[in-house]
Amino acid sequence: ALNYELSGSGEPLLLISGTGGDLRRTRGMVSGDTFAPFELLKYDQRGLGQSAVPDGPYTMADYAADGAALLDGVGWADALVIGVSFGGMVAQELAIRSPERVRRLVLSCTSAGGAGGSSYPLHELADTAPDDAVAQRMQLMDSRWDAAWRAAHPDVVAMLTDAFGLGAGADGVDKGQQLQLEARSHHDTSSRLGSIT
């Protein structure tokens, strides 16, 4: 079962979150009036947050099927879709496999994988100490966020540390996130993107 939140009113919009996304930790990132004109559906992907952690391995096709099943679950025939980072990879797979479900597609800070260019191999950071992992992820997000910048902006570091699920007391990457990282490492839509119309 997938944990989800539905809010607002207007045109239906499915927001697919990035690697490690957890609704409990990312509220501040999708607050305010940004999504006010929409009925917003956001969720914890399989293995993350408060969603179930089925046995793995997981594939990108599994994540796309989850998105389509969630649309069915809330009674939407189709929706606008925004995919951020890993969510963009899932959104590509959803648009390729179920084009009738996607009205319009926005892909943010993502990649096609394969010959189209892979994103950073986050699975290689799985065994990195939490403080080092936060620093590395922040540098990947914005190369200007070096050690001096992070020291001068502890509030941003704290917000992202929490969003990444890597704060004090975190004991490394949990099973669901490991399965997500593994699926991410095999993502490749590069030869199929042309089918999205």
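The following legends describe an overview and several close-up views of a predicted protein model.

**Figure 1. Overview of the predicted protein model.** The secondary structure comprises six helices and five strands. Along the sequence these elements follow the pattern β-β-β-α-β-α-β-α-α-α-α. The protein has 197 residues, of which 43% are buried. Among contacts between residues at least 6 apart in sequence, 74% join residues at least 24 apart.

**Figure 2. Close-up of the contact between helix 1 and helix 2.** In general, a pair of packed helices is described by the angle between the two axes and the distance between them. Here the axes of helix 1 and helix 2 (residues 86-97) come within 8 Å and cross at roughly 75°. Because angles of 65 to 115 degrees count as roughly perpendicular, the two helices are described as roughly perpendicular to each other. Helix 1 contributes Met60, Ala61, Tyr63, Ala64 and Ala68 to the contact, while helix 2 contributes Phe86, Met89, Val90, Glu93, Leu94 and Arg97. Of the residues in this contact, nine are nonpolar, none is polar and two are charged.

Figure 3. Apart from neighbours within four places in sequence, Ala68 is in contact with Leu94, Ser98 and Arg101. Leu94 also belongs to the helix 2 side of the contact with helix 1. Between Ala68 and Asp78, which are 10 residues apart in sequence, the C-alpha to C-alpha separation is 8.7 Å.

**Figure 4. Close-up of the salt bridge between Glu5 and Lys42.** Nine salt bridges are found in the whole structure. In the one shown here, the side chains of Glu5 and Lys42 meet with an N to O distance of 3.8 Å. This pair links distant parts of the chain, with Glu5 in strand 1 (residues 4-8) and Lys42 in strand 3 (residues 38-43), 37 residues apart. Glu5 counts as partly exposed because its relative accessibility is 23%. Lys42, with a relative accessible area of 11%, is buried.

**Figure 5. Close-up of the salt bridge between Arg46 and Asp66.** The side chains of Arg46 and Asp66 meet at 2.7 Å, N to O. Arg46 is in the loop between strand 3 and helix 1, whereas Asp66 is in helix 1; the pair links distant parts of the chain, 20 residues apart. Arg46 has a relative accessible area of 15% and is therefore buried. Asp66 is likewise buried, with a relative accessible area of 12%.

**Figure 6. Close-up of the salt bridge between Arg97 and Glu93.** As a general principle, side chains of opposite charge can pair when their charged atoms come close. For Arg97 and Glu93, the closest N and O atoms are 2.6 Å apart. The two residues are four apart in helix 2, so about one helical turn separates them. Glu93 is buried, as its relative accessible area is 3%. Elsewhere, salt bridges that share partners join Glu11, Asp78 and Arg103 into one network.

Definitions and conventions: Residues numbered from 1 in each chain as written. Predicted model: local features only at pLDDT ≥ 70, side-chain atom pairs only at ≥ 80, totals over all residues. Heavy atoms only, no water. Buried < 20%, exposed > 50% of the residue type's maximum accessible area, 1.4 Å probe, protein only. Contact = heavy atoms within 4.5 Å. Axes fitted to C-alpha atoms, helices over the stretch in contact; angles between N-to-C directions. Parallel < 35°, antiparallel > 145°, perpendicular 65-115°, else oblique. Nonpolar A, V, L, I, M, F, W, Y, C, P; charged D, E, K, R; others polar. Salt bridge = Lys/Arg side-chain N within 4 Å of Asp/Glu carboxyl O.
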